[in-house]
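This report describes one protein chain for a reader who is new to structural work. Please keep the sequence and the model in view while reading.

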Amino acid sequence: MRLALELARRGEGWTRPNPIVGAVVVKDGKVVGQGYHRRFGGPHAEVFALEEAGAAARGATIYVTLEPCSHYGKTPPCADRIIAAGISRAVIACRDPNPLVNGQGIARLHAAGIEVTEGILEEEARRENEIFFKFIRTGIPFVQLKLAVSLDGRIATRSGDAKWISGEEARIEVHRLRRRFAAVLVGANTVINDDPLLTVRHVEGPDPVRIVLDGRGRIPLERRMFAERGRTIVVTAAMPEGKEEGLRARGVEVWRYPGGGEGVDLQALLVRLGEEKLDSLLIEGGGETAAAFIESGLVDKVSFFIVPIIIGGRGAIPAVGGVGPASIAAALKLGNVMVARFGEDLLVSGYPRP
């Protein structure tokens with residue numbers, strides 16, 4: 001199953017809004033077939049694994065990271081393909097939350113006399129497909145906040161300089177993370193100070209949709225991302241018409257979602273993204289944007305790259321701005337915390353507790 005989970009990750013970014021899935025066929029203690037879901041609309045993981053196994057699949061065990069589908073979508077049901085191959089046992093990490101599948105694929109295997117074992121590395125499998133699990137159930141994108149911060153909690157110096165806080169290995173990992181997401185979002189200050197591209201580089205993967213929160217229409221028209229291929233959206237509350245015309249002339253979409261004061265209605269934005277089948281959103285800064293999403297209770301996961309530098313200075317930019325809570329008891333608390341190391345930097349990730 002660990003091999004199947006590893007295989008599944010090769011499909012990150014290419015299969016959305018469908019899940020990533022890996023499959024391994026084992027016969028007499030040996031792997032005879034393996035595969036993963038490579039792209040949206042293409043054959044599923046089970047098909048590749050069974051094709052590689054060939055005749056050896058008869059009487060074998062198949063390990064799958066997600067319950068095999070039982071309906072006709074872009075491809076025929078994988079449960080039927082497993083039955084036809086003569087598999088005698090199926091080991092499944094977790095059930096598919098899609099109402100068209102949930103439990104029905106397993107029921108079909110049972111009905112065909114195939115032994116089914118569930119729940120092997122279930123937590124890992126659910127985490128691997130956390131984007132799909134939320135989106136299929138709610139229609140709202142999975143939202144992850146990612147920031148690179150100094151030991152003293154700063155994301156930039158008092159002059160706004162933020163390049164580069166994190167090391168090279170951490171920056172490469174950011175691009176691996178970015179390719180998982182349908183869209184990436186930053187605030188106007190990040191665009192003004194850093195002029196980011198918000199594309200996937202250093203690793204292979206599709207570029208996300210680029211989104212900028214610009215409540216008052218402050219971003220300059222001459223920014224690198226506006227010259228990049230792909231889709232760019234600027235979300236505003238009150239942008240001057242001349243600025244909007246200039247952005248549209250560059251192929252940029254402008255969405256108006258006024259919220260309270262000069263801010264953007266973030267909940268309405270997420271609903272719109274879901275309607276457009278954008279299943280996930282990675283927030284990459286800055287401090288005020290991070291605070292707006294946190295204070296609205298819209299963040300599903302938090303990932304901070306903790307960098308061993310100290311910036312200091314009362315005017316340095318904090319990782320999370322906003323008003324902030326009045327007491328520690330009211331602070332955002334994370335659970336299921338994970339820590340990984342990339343060069344000298346630590347990646348700390350967790351999920352907001354209810």
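## Terms and basis

Helices (H or I, at least four residues) and strands (E, at least two) are DSSP runs, numbered from the N terminus.

The model is predicted: local features need pLDDT of at least 70, side-chain atom pairs count only at pLDDT 80 or more, and totals for chains, interfaces and linings use all residues. Residues are numbered from 1 along each chain as its sequence is written, and side-chain values use heavy atoms, with hydrogens and water left out.

## The chain as a whole

The chain contains eleven helices and 16 strands. Its radius of gyration, taken over C-alpha atoms, is 22 Å, close to the 20 Å that the globule rule (2.2 Å times the number of residues to the power 0.38) gives for 354 residues, so the chain is as compact as a globular protein of that length. Along the principal axes, the C-alpha atoms fill a box of roughly 65 × 45 × 35 Å.

Of the 354 residues, 51% are buried; buried means under 20% relative accessible area, exposed over 50%, and partly exposed in between (1.4 Å probe, protein chains only). A contact means heavy atoms within 4.5 Å. Among contacts between residues at least 6 apart in sequence, 69% join residues at least 24 apart.

## Helix α3 and its neighbours

Helix α3 covers residues 78-85, and its buried residues are C78, A79, I82 and A85. Seen down the axis of α3, these residues fall within an arc of 130° (taken from the directions from the helix axis to the C-beta atoms), so they line one face of the helix.

The buried residues of α3 pack against α2 (45-53), β3 (61-64) and α4 (104-111). After α3 comes G86, which has a positive phi near 85°.

## Aromatic rings and charges

Rings of Phe, Tyr and Trp (its six-membered ring) pair if their centres lie within 6.5 Å; planes under 30 degrees apart count as stacked, over 60 as edge-to-face and the rest as tilted. By this rule there are three aromatic pairs. In one of them, the ring centres of W255 and Y257 are 6.4 Å apart and the planes stand at 75°, so the pair is edge-to-face. Both W255 and Y257 are buried.

W255 also has the charged end of R272 over its ring, 3.8 Å from the centre. A charge sits over a ring if NZ of Lys or CZ of Arg is within 6 Å of the ring centre and within 35 degrees of the ring normal. R171 likewise lies over the face of W164, at 4.7 Å from the ring centre.

## Loops and backbone

E222 is exposed, with a relative accessible area of 58%. E222 and R250 are 28 residues apart in sequence, and their C-alpha atoms are 9.7 Å apart in space.

Most residues other than glycine have a negative phi, and most peptide bonds are trans. In the loop between α8 (188-194) and β9, L198 has a positive phi near 60°, and H202 has a positive phi near 70°. L198 is buried at 3% relative accessibility, whereas H202 is exposed at 60%. The peptide bond from R16 to P17 is cis, with omega near 5°, and P17 lies in the loop between α1 (2-8) and β1 (22-27). Another cis peptide bond joins G285 and G286, with omega about 0°.
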